[in-house]
Amino acid sequence: MKEKAKLIVGKDVIAEEHEKYVKPRRAYAKIDAGDPEKDAVGLGLSGGGIRSATFNLGILQAVELYGFLKRVDYLSTVSGGGYIGSALTWFMSFHRSAFPFPTERWYGEQYKAAQKADTIGTLHEHASYLTPSQGLNLWSLIAFILGGTLINLLVIIPLFS
């Protein structure tokens with residue numbers, strides 16, 4: 001006869017997660033195990049498609065540059081944040097590699113030479129789609145302000161009529 005699976009609920013699940021995953025991850029990162037119930041750190045990466053993935057990449061690079069990424073126990077992502085979050089998780093878990101998305105600040109001039117063969121270098125080179133045409137000029141700024149004002153007026157005026 002098969003044994004019934006032990007039902008784990010509430011605090012038991014959290015305690016098991018801390019013992020099986022958080023503490024070993026902290027040991028691997030060579031940081032103090034601490035008490036995950038009191039000092040767990042989470043990082044959330046917002047959504048918004050490929051633009052948010054690019055933005056979140058910059059956030060991750062800064063967090064790693066200043067040494068905080070190794071302290072993150074939980075990663076929560078949505079939409080575009082999931083693109084870069086899953087890439088980060090895959091590289092660091094599956095390959096057991098260091099932070100996979102270095103910047104020029106790490107390698108200086110050597111990075112510029114290696115950048116063309118780099119996946120992130122490709123993203124940097126082709127990220128001009130994030131700005132309208134040649135960038136924000138005086139006429140596009142005026143159009144954005146007038147358009148936003150008009151839309152707001154179209155919403156507000158009917159409320160007071």
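Residues 24 or more positions apart account for 59% of the contacts in this protein with a separation of 6 or more, where a contact means heavy atoms within 4.5 Å. The structure is a predicted model, in which local features need pLDDT of at least 70 and side-chain atom pairs count only at pLDDT 80 or more, while totals for chains, interfaces and linings use all residues. Residues are numbered from 1 along each chain as its sequence is written, and side-chain values use heavy atoms, with hydrogens and water left out.

**Confidence**

The predictor's confidence in each residue is given as pLDDT, from 0 to 100. The protein has a mean pLDDT of 78, and 71% of its residues reach 70 or more. Among its elements, β1 has the highest mean pLDDT (93), and helix α6 (residues 109-114) has the lowest (52). Where pLDDT is low, the predicted coordinates should not be read in detail.

**Elements and their order**

The protein has eight helices and two strands. Both kinds are DSSP runs numbered from the N terminus: helices are H or I with at least four residues, and strands are E with at least two. From the N terminus on, the order is α-α-β-α-β-α-α-α-α-α.

Strand β1 (residues 42-45) pairs with strand β2 (residues 74-77) in the parallel sense, over four bridges; two strands pair if DSSP finds at least two bridges between them. L45 has T77 in β2 as its bridge partner. Together with helix α3 (residues 50-65), β1 and β2 make a right-handed β-α-β unit. Right-handed means that, with the strands pointing away from the viewer, the path from the first strand over the helix to the second runs clockwise.

Of the 161 residues of the protein, 23% count as buried. Buried means under 20% relative accessible area, exposed over 50%, and partly exposed in between (1.4 Å probe, protein chains only).

A nonpolar core is a set of buried Ala, Val, Leu, Ile, Met, Phe, Trp, Tyr and Cys residues joined through side-chain atoms within 4.5 Å. The largest one here has 11 residues: L43, L45, L57, L60, V63, L69, V72, I84, L88, F99 and F101. Two or more of these residues come from each of β1, α3 and α4 (80-94), and α3 gives the most, with three residues.

L60 touches L43, L45, L69, I84, L88 and F99, not counting residues up to four places away in sequence. L57 lies in helix α3 and counts as buried because its relative accessible area is 1%.

Helix α1 (residues 11-28) holds Y28, and H18 is also placed in α1. Y28 counts as exposed because its relative accessibility is 53%, whereas H18 counts as buried because its value is 8%. Leaving out residues up to four places away in sequence, H18 touches K23, P24, P36, E37 and Y74.

Two C-alpha pairs are listed here.

| Pair | Apart in sequence | C-alpha to C-alpha |
|---|---|---|
| L57 and L88 | 31 residues | 9.3 Å |
| Y28 and K70 | 42 residues | 9.5 Å |

**Annotated spans**

An unreviewed UniProt entry places the feature "transmembrane region" at residues 74-92 and 138-160. UniProt positions are given in the numbering used here, feature names are shortened, and annotations may be inferred rather than shown by experiment. In the model, residues 74-92 are 68% helix and 21% strand, with end C-alpha atoms 14 Å apart. Residues 138-160 are 100% helix and 0% strand, and the end C-alpha atoms of this span lie 33 Å apart.
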